[in-house]
Amino acid sequence: MTRPSRLLTTATAGAMAALLLAGCGGGGGSDTNSNGKIKGADTGGPTSASPSASASTAPGRPNLDMPADLSYTFDWPKTGDKDKDAVLFDSEQSIKAVDLAIVHQDPLDKAYRFYYDGEAAAQTQQFIKAYVKAKARTTGSYRYYNPVVNLSGSNEASLVYCEDQGKAYDLYLKTKRVDKTPVTKNSYVLYSSQMHKNDKGVWVIQKLMSVRGSSKCQP
């Protein structure tokens with residue numbers, strides 16, 4: 001199985017579609033649909049150096065203590081621009097924070113709510129709920145690459161990047177079963193996020209879309 005893509009949407013001509021949560025492939029059971037996806041996850045991944053060490057000093061920033069079986073590689077080096085590097089840093093943290101909420105089986109986990117706001121926060125909550133209902137969490141290794149950051153003024157930004165889900169899976173907590181399927185083109189996901197710098201100086205995600213199997217992310 002491939003890792004579920006956060007807040008997957010299909011691309012529409014020149015516009016961002018309504019956010020949907022996309023699930024991963026998996027085994028059967030009462031918490032999966034006919035396509036082997038966790039129900040609810042289709043109604044909508046440790047080796048990186050932080051792009052912005054100074055960004056970690058923001059007041060109230062949560063501690064993301066990830067389990068040993070969940071690792072990340074962020075192939076997006078420093079840009080040399082202070083604000084762009086802060087966007088990259090906070091995006092790294094936001095990705096981990098969602099997975100940590102799933103690990104905690106808590107749709108109201110404070111860590112992800114530190115990095116998500118508005119529409120993206122509401123959709124992320126539903127995504128996490130699907131995992132809680134399925135009594136499952138993510139495991140494995142995730143890689144992120146090809147980041148493109150654009151700034152609009154001092155408080156608005158966008159980030160486009162790719163995710164490699166080929167070595168990421170679902171772990172069912174009761175049985176400890178890990179679902180695995182071969183890597184396909186759909187293991188690669190293109191993300192586009194809209195971000196805003198809040199009064200704490202943290203770049204929070206307000207909107208997020210993704211396209212599974214995008215040609216821009218294929219190896």
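Visitor: How do you know which residues and atoms count here?
Guide: Residues are numbered from 1 along each chain as its sequence is written, and side-chain values use heavy atoms, with hydrogens and water left out. In this predicted model, local features need pLDDT of at least 70 and side-chain atom pairs count only at pLDDT 80 or more, while totals for chains, interfaces and linings use all residues.

Visitor: What makes residues 82-104 helix H1, and what span does H1 reach?
Guide: Helices (H or I, at least four residues) and strands (E, at least two) are DSSP runs, numbered from the N terminus. H1 has 23 residues. The expected span of a helix is 1.5 Å times one less than its number of residues. For H1 the expected value is 33 Å, and the helix reaches 33 Å from its first C-alpha to its last.

Visitor: Why is H1 called largely enclosed?
Guide: Buried means under 20% relative accessible area, exposed over 50%, and partly exposed in between (1.4 Å probe, protein chains only). Of the 23 residues of H1, 18 are buried, so the rest of the structure largely encloses this helix.

Visitor: What caps the N-terminal end of H1?
Guide: Asp81 does, with a side-chain oxygen 3.0 Å from the backbone nitrogen of Asp83. A polar contact is a pair of N or O atoms within 3.5 Å; within protein, one must be able to donate a hydrogen and the other to accept it, and residues adjacent in sequence count only if both atoms are side-chain atoms.

Visitor: Why is Arg137 called buried?
Guide: Arg137 has a relative accessible area of 12%, so it is buried. This arginine is found in strand S2 (residues 136-152), and a polar contact of 3.0 Å joins its side chain to that of Asp69. Contact means heavy atoms within 4.5 Å. Not counting residues up to four places away in sequence, Arg137 touches several residues, among them Pro67, Ile102, Tyr131 and Leu173.

Visitor: What makes Arg61 and Asp90 a salt bridge?
Guide: A salt bridge is a side-chain nitrogen of Lys or Arg within 4 Å of a carboxyl oxygen of Asp or Glu. The closest N and O atoms of Arg61 and Asp90 are 2.8 Å apart. The pair links distant parts of the chain, 29 residues apart: Arg61 in the segment before strand S1 (70-75), Asp90 in helix H1. Both residues are buried.

Visitor: Which parts does the salt bridge of Arg143 and Asp75 tie together?
Guide: The side chains of Arg143 and Asp75 meet at 3.3 Å, N to O. Arg143 lies in strand S2 and Asp75 in strand S1, so the pair ties together parts that are 68 residues apart in sequence. Arg143, at 29% relative accessibility, counts as partly exposed, and so does Asp75, at 37%.

Visitor: Are Arg177 and Asp179 buried or partly exposed?
Guide: Arg177, at 33% relative accessibility, counts as partly exposed, whereas Asp179, at 8%, is buried. Their side chains meet in a salt bridge of 2.3 Å, N to O.

Visitor: Where does a positive phi of about 55° occur?
Guide: Gln105 has this value although it is not a glycine. Most residues other than glycine have a negative phi. Gln105 sits in the loop between H1 and helix H2 (110-115). Lys135 also has a positive phi, near 55°, and is found in the loop between helix H3 (118-134) and S2.
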